[in-house]
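Subject: Structure handover

Hello,

Here is the structure I said I would pass on.

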Amino acid sequence: MLEQLLIFTRGGLILWSCKEFGNALKGSPIDTLIRSCLLEERSGAASYNYDAPGASYSLKWTFHNDLGLVFVAVYQRILHLLYVDDLLAMVKREFSQIYDPKKTFYGDFDETFRQLKVEAEARAEDLKKTNPLGSGGVAGVNKKQIKAGSEGGNGRKKSNGGGLKNDGGDADGADGGGGGSKKGNKLENGHSNGNFVIAKDANLKSSGSANSVNGKENESSNIGAFDVNKLHKLRSKGGNGKKAEAKVVSKAEPAKKATKKNRVWDDAPRESETKLDFTDDRVGEDGDRNVDFFAKEQGESMMDKEEVLSSDSEDEEDDDTAGKNSKPDAKKKGWFSNMFQSIAGKSNLEKSDLEPALKALKDRLMTKNVAEEIAEKLCESVAASLEGKKLGSFTRISSTVQAAMEEALVRILTPRRSIDIMRDVQAAKEQKKPYVVVFVGVNGVGKSTNLAKVAYWLQQHNVNVMMAACDTFRSGAVEQLRTHARRLQIPIFEKGYEKDPAVVAKEAILEASRNGSDVVLVDTAGRMQDNEPLMRALSKLIYLNNPDLVLFVGEALVGNDAVDQLSKFNQKLADLSTSSTPRLIDGILLTKFDTIDDKVGAALSMVYISGAPVMFVGCGQSYTDLTKLNVKSIVKTLLK
């Protein structure tokens, strides 16, 4: 039985809800759907499952993007209602006809909904009778689709795995047989409303239109490029061709770079080399004075500088590229078909119109090191937000898709809660207890180094910091942290190796309370997300000490591994915790950000998969090289 059907605007104004369903929903499934799915650009999913004490709900939804309306249906997950998709489509169609932006009450829609519900249930019953699952109705549909695809599918052939192999160049070529298998699974799970075959034909037609669009774009993008066929003709002509070829090659030769001067390995010390020597033999009787001088020479932390990752250079590069590419763009806009469409406008955007632009956008995100799974979900969410929306005059589809993706990326990367650690430190100080930060992550990502950077930044704000050496597993870990503590003149709590890190952290927090330290930075051992003994020890440390902040330290170099690392870290912390409300990752510290050029996609992948904000970015080797994430700069780099 359907539990609830709700219609509201994107601004959150409830326009209508079904009064037939007297039973109140347990928990807050619709609020959770908005917060965890719709606002997080996961609206491309088919459904959302919500678990509450004593009830398990499934939620399905659809949008009317032109009017800015959201339609949500809630039902018991165990029932597997087949008519929900059909009902939502009919409610959307009927309600859009009576919708008035100035009107907020729609009590007269109750009777219309009753009729639509009866009609949808009758259709579902007829579908069960005509195509029972046991009689091979689903299999028959799949066979017809596969046969149709193999016989008339633009050069497609049936592969050995039973999917479709694309010999042509259509827009769905990257999917191959995967698309067909996904749609087949959707039918088998009982979520189809009987319109699958029509949707399949529409997809085939849309792929044809995508071919034409891609073909035109490729043709226009090749204008002014070097033609390989001309080079073959020049070679076939003989001597003149060789001269021309030699001339082309000579132009393409790059200028010779200055060779690096060889290093002379002798015993004589050089003035430039003494600055690099920070070994212990330089620390004599006045070692404390030298260390203090070293720490002060580092200067102000980049965390306190505004717009460190400035996009001024990127703006200049964009202006230059815009100037260079202005002529090709003018030629693209000069097409008669695009010009006519831009003047007249398009009634409503369809999925087939969005596919070429979304495919290009997905490929661009993946080249920026965004995980493939995340890029695909983002494109599905953007398609869901634009489908059915009216395209205005003098507006291109590609620019509309780009603007929608930019808004989605800014919304994802912008923190949903305050990440002002200094304010939280002051609040903990008023309660007369230390603020505890635990650094976790896989091996070799730079936890200890960036812990020292955070300590230096806190020190600049006159915060008393203490380090806790809880990496009792890796050889040299305590000595490494001890070196950072000596350089920064910060107290360190250590108990050596082969000790329980949870107990060491507990004693460190008690020691910090006694000596008046404001912040305790806990260093932990690096561990792979699949190492259950170490993950169990980490879960125990977090449960026993209840830190104020759990920071996941991850490399900006990772791509698809970011999804695996963060999802499994959170999953293990939840599974291995003995608490009913386990602590998960609260924030992210991205390291080695200065080594990735424009491959900034790891930040997006980590935030999307965990929902935790990026609180720090490590961008160098010195203590000052710690900064905040510039969301606008990251989004511009991702879409450039």
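This is a predicted model: local features need pLDDT of at least 70, side-chain atom pairs count only at pLDDT 80 or more; totals for chains, interfaces and linings use all residues.

Residues are numbered from 1 along each chain as its sequence is written, and side-chain values use heavy atoms, with hydrogens and water left out.

Helix α19

Helices (H or I, at least four residues) and strands (E, at least two) are DSSP runs, numbered from the N terminus. Helix α19 takes in residues 501–515, which is 15 residues. From first C-alpha to last it reaches 21 Å, close to the 21 Å expected at 1.5 Å a residue; the expected span is 1.5 Å times one less than the number of residues.

The buried residues in α19 are P501, A502, V504, A505, A508, I509 and A512. Buried means under 20% relative accessible area, exposed over 50%, and partly exposed in between (1.4 Å probe, protein chains only). Because these residues cover an arc of only 160° around the axis, they sit on the same side of α19; the arc is that of the directions from the helix axis to the C-beta atoms. Their cover includes strands β8 (435–440) and β9 (465–469), as well as helix α20 (532–545).

At the N-terminal end, D500 caps α19, with a side-chain oxygen 3.2 Å from the backbone nitrogen of A502. Just after the helix, G516 has a positive phi of about 80°.

Nonpolar cores

A nonpolar core is a set of buried Ala, Val, Leu, Ile, Met, Phe, Trp, Tyr and Cys residues joined through side-chain atoms within 4.5 Å. The largest has 110 residues, and L521 and F616 touch the most other members. Helix α15 (residues 397–413) gives the largest share of this core, eight residues. A second, separate core has 26 residues, including I7, A73, V84 and V91.

Beyond its neighbours within four places in sequence, F616 has contacts (heavy atoms within 4.5 Å) that include M303, W457 and L626.

T367

T367 belongs to helix α13 (residues 351–367) and is partly exposed, at 47% relative accessibility. Its side chain reaches the backbone oxygen of R364 at 2.5 Å.

Cysteines

With a disulfide taken as a pair of cysteine sulfur atoms within 2.5 Å, the count is zero. C379 is buried at 6% relative accessibility, and C470 is buried at 2%.

Regards

How values were computed
A polar contact is a pair of N or O atoms within 3.5 Å; within protein, one must be able to donate a hydrogen and the other to accept it, and residues adjacent in sequence count only if both atoms are side-chain atoms.
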